Amino acid sequence: MEYTIREARREDMDDVLELIKELAEHENHLDDVEVTVADLEKEGFDHGNFKCFVADVDGKIEGMALVYFRFSTWKGRTVHLEDLIVRESMRGTGLGGALYKQVVKYGHENGVKRIEWVVSEGNKNAIEFYENTGAEIKESWKTVHMEESGIQKNVKKK
C-alpha cells in the first residue's frame, strides 16, 4: 500500500469531518459532534487555528491528525494533538504511526518543548504505542472539560 502524509487542504474537510464522526460513533458519542465542514474550513484555513495532516491513500483520505499550538506556563509554546484518527478498515496498516511521526516532526520543526494529547484509558493499544515512542502517560493529571451548559451557568452567576 502506498500512501502520502500531507497537509490537509480545504477540500479535504468533508473527509476530515467523516473521520471525526467515525471516531465519535466508535466511542458512542456521535450526537456530541457539533462541528461542521464550514467550521473546519473557517477555523483551519481562514483563521489558522489548527493544522491538519491527512493520510492520502490513492486519492482517498484514510486518516488525519489535527494539531494546534498552546502555551504552557512551564514550557512555553507546545503542540496539542487534538485527534489522530485512522479509518477502522485501515488500522494496522501503518497510517496511524505515519501520522504520529508527522505530528512529532511538526513539533520539532516548530521548536516546541512538548507535544501533548489525551488518550482514553481503555485504548490499551494506543497507550502501549505511545509509551514505546517515549511518551509518558500522566496518571496524576485529569482532563477537565466545561461544556456549553456549564459555561452558560457560570456566565450568568453574579
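Phe 69 stands opposite Val 79 in strand S4. That pair belongs to a predicted model, in which local features need pLDDT of at least 70 and side-chain atom pairs count only at pLDDT 80 or more, while totals for chains, interfaces and linings use all residues. Residues are numbered from 1 along each chain as its sequence is written, and side-chain values use heavy atoms, with hydrogens and water left out.

**The sheet**

Begin with the pairing around S3. Strand S3 covers residues 60-72, and strand S4 covers residues 76-86. Helices (H or I, at least four residues) and strands (E, at least two) are DSSP runs, numbered from the N terminus. S3 and S4 are antiparallel, with 10 bridges between them. Two strands count as paired if DSSP finds at least two bridges between them. Three residues separate S3 from S4 in their hairpin.

On the other pairing of S3 sits strand S2, residues 51-57. S2 and S3 also run antiparallel, joined by seven bridges. Cys 52 faces Leu 66 of S3 across this pairing. Asp 56 stands opposite Ile 61, again in S3. The S2-S3 hairpin has two residues between its strands. S2 pairs with S1 as well, antiparallel and through four bridges. Here Glu 7 lies opposite Phe 53 of S2.

Strands of a sheet pair through backbone hydrogen bonds, either parallel or antiparallel.

**Helices on the sheet**

Contact means heavy atoms within 4.5 Å. Axes are lines fitted to C-alpha atoms, for helices over the stretch in contact, and angles run from 0 to 180 degrees between N-to-C directions.

S2 is mostly covered, with six of its seven residues buried. Buried means under 20% relative accessible area, exposed over 50%, and partly exposed in between (1.4 Å probe, protein chains only).

**H1 against H2**

H1 (residues 13-26) and H2 (residues 37-46) pack at an angle of about 115°, and their axes are 9 Å apart. That makes H1 roughly perpendicular to H2. Angles of 65 to 115 degrees count as roughly perpendicular, under 35 as roughly parallel, over 145 as roughly antiparallel and the rest as oblique. The crossing of H1 past H2 is right-handed. In a right-handed crossing the near helix is turned clockwise from the far one by less than a right angle, and in a left-handed one anticlockwise.

Which residues make the contact? H1 supplies Met 13, Asp 14, Val 16, Leu 17 and Ile 20. H2 supplies Val 37, Leu 40, Glu 41 and Phe 45. By class, the contact has seven nonpolar, no polar and two charged residues. Ala, Val, Leu, Ile, Met, Phe, Trp, Tyr, Cys and Pro count as nonpolar, Asp, Glu, Lys and Arg as charged, and the others, Gly among them, as polar.

**Four residues to look at**

| Residue | Class | Relative accessible area |
|---|---|---|
| Leu 95 | buried | 0% |
| Gln 102 | buried | 18% |
| Asn 28 | exposed | 70% |
| Asp 58 | exposed | 74% |

Leu 95 belongs to H3. Leaving aside neighbours within four places in sequence, Leu 95 contacts Met 1, Tyr 3, Ala 55, Val 57, Glu 62, Val 86 and Met 90. Leu 95 and Ile 5 are 90 residues apart in sequence, yet 8.5 Å apart in space, C-alpha to C-alpha.

Gln 102 is also in H3, residues 95-109. Gln 102 touches Ile 5 and Phe 53, not counting residues up to four places away in sequence.

Now the loops. Most residues other than glycine have a negative phi. Asn 28 is not a glycine, and its phi is positive, near 60°. Asn 28 sits in the loop between H1 and H2. Asp 58 has a positive phi of about 55°, and Asp 58 is no glycine either. Asp 58 lies in the loop between S2 and S3.
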